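Q: I would like to go through this structure with you. Could we begin once it is on the screen?

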Amino acid sequence: MKGHQPATTAPGPAGIDPATLTHEQLQGWRCALCCALLTGDRPLGTVTIGEGPTLTTYPLWACNPNCATESAWRAAITHAAGCQACRTGECETGQRLLDTYSTAIRQEHARGAG
Ligand SMILES: [Zn+2]
Ligand SMILES: [Zn+2]
């Protein structure tokens, strides 16, 4: 006897619920986090999904180095945390970073809908 037998459908890495993943995400065509089409990718780990008696393990991938939204959001909050002008709402840099973030969100929603 060889090989191992996964007993249950395990929760995915990074809090991903395998049930929410699309076929394209399982095949590694789209980011498992934001559903963007992958250009560069980084491994996230694997999920195991049971379909009837069959258990299949899929490797998951995410945008590399980061999801556009994720990195835009980080840039915005990192800047705002150390910026006096942002506290009064008069910071051009802060505004630009937030705009980048909203653009990334809109693009992701557009991709998700299309
Ligand atoms: Zn992504
Ligand atoms: Zn600022």
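This is a predicted model: local features need pLDDT of at least 70, side-chain atom pairs count only at pLDDT 80 or more; totals for chains, interfaces and linings use all residues.

Q: How many residues does the largest nonpolar core have?
A: The largest nonpolar core has 16 residues. Those with the most contacts inside it are Leu-21, Leu-26, Cys-31, Val-47, Leu-60 and Cys-63.

Q: And which elements give two or more residues to this core?
A: Those elements are β1 and β2. The most comes from β2, with 4 residues.

Q: Let us step back. What is the secondary structure of the protein chain?
A: The protein chain has 4 helices and 2 strands. Along the sequence they follow the pattern α-β-β-α-α-α.

Q: How much of the chain is buried?
A: Of the 114 residues in the protein chain, 28% are buried. The chain exposes about 7700 Å², and carbon and sulfur atoms supply 55% of that area.

Q: What share of the contacts with a separation of 6 or more comes from residues 24 or more positions apart?
A: Such residues account for 44% of those contacts in the protein chain.

Q: Now the metals. Which residues are the protein donors of the zinc ion (ligand 1)?
A: The donors are Cys-31, Cys-34, Cys-63 and Cys-67, each through its SG atom, lying 2.3 to 2.4 Å from the zinc ion (ligand 1). Along the chain, these donors follow the spacing C-x2-C-x28-C-x3-C.

Q: Where do Cys-34 and Cys-67 lie?
A: Cys-34 is in the loop between α1 (23-26) and β1 (41-51), while Cys-67 is in the loop between β2 (54-63) and α2 (68-81). The pair links distant parts of the chain, 33 residues apart.

Q: Buried or exposed, those two?
A: Cys-34 counts as buried because its relative accessibility is 14%. Cys-67 is also buried, at 3%. The cut-off for buried is under 20%.

Q: Why is the arrangement around the zinc ion (ligand 1) tetrahedral?
A: The 4 donor atoms subtend angles of 105 to 118 degrees, which makes the arrangement tetrahedral. For comparison, the ideal angle for four tetrahedral donors is 109.5 degrees.

Q: What coordinates the zinc ion (ligand 2)?
A: The zinc ion (ligand 2) is coordinated by His-79 (NE2), Cys-83 (SG), Cys-86 (SG) and Cys-91 (SG), at 2.0 to 2.4 Å. The site is tetrahedral, with angles of 103 to 114 degrees among its 4 donor atoms. The spacing of the donors along the chain is H-x3-C-x2-C-x4-C.

Q: Which parts of the chain do His-79 and Cys-91 tie together?
A: His-79 lies in helix α2 and Cys-91 in the loop between α3 (84-87) and α4, so the pair ties together parts that are 12 residues apart in sequence. His-79 is partly exposed, at 22% relative accessibility, whereas Cys-91 is buried, at 12%.

Q: A change of topic: how many aromatic pairs are there?
A: The count comes to 1 aromatic pair. The rings of Trp-73 and Tyr-101 have their centres 4.8 Å apart and their planes at 40 degrees, so the pair is tilted. Trp-73 belongs to helix α2 and Tyr-101 to helix α4 (residues 92-113), 28 residues apart.

Q: And how accessible are Trp-73 and Tyr-101?
A: Trp-73 is partly exposed, with a relative accessible area of 40%. Tyr-101 also counts as partly exposed, at 23%.

Terms used. Residues are numbered from 1 along each chain as its sequence is written. Chains are lettered from A and ligands numbered from 1 in the order in which they are written. Side-chain values use heavy atoms; hydrogens and water are left out. Donors are N, O and S atoms within 2.8 Å of the metal (3.2 Å for Na, K and Ca); water is not among the atoms, so sites may look incomplete. Four donors count as tetrahedral if all angles lie between 85 and 135 degrees; four count as square planar and six as octahedral if opposite donors are over 155 degrees apart and all others between 65 and 115; anything else is irregular. Buried means under 20% relative accessible area, exposed over 50%, partly exposed in between (1.4 Å probe, protein chains only). Rings of Phe, Tyr and Trp (its six-membered ring) pair if their centres lie within 6.5 Å; planes under 30 degrees apart count as stacked, over 60 as edge-to-face and the rest as tilted. Contact means heavy atoms within 4.5 Å. Accessible areas come from the Shrake-Rupley method with a 1.4 Å probe; for residues, only the protein chains shown count as cover. A nonpolar core is a set of buried Ala, Val, Leu, Ile, Met, Phe, Trp, Tyr and Cys residues joined through side-chain atoms within 4.5 Å.
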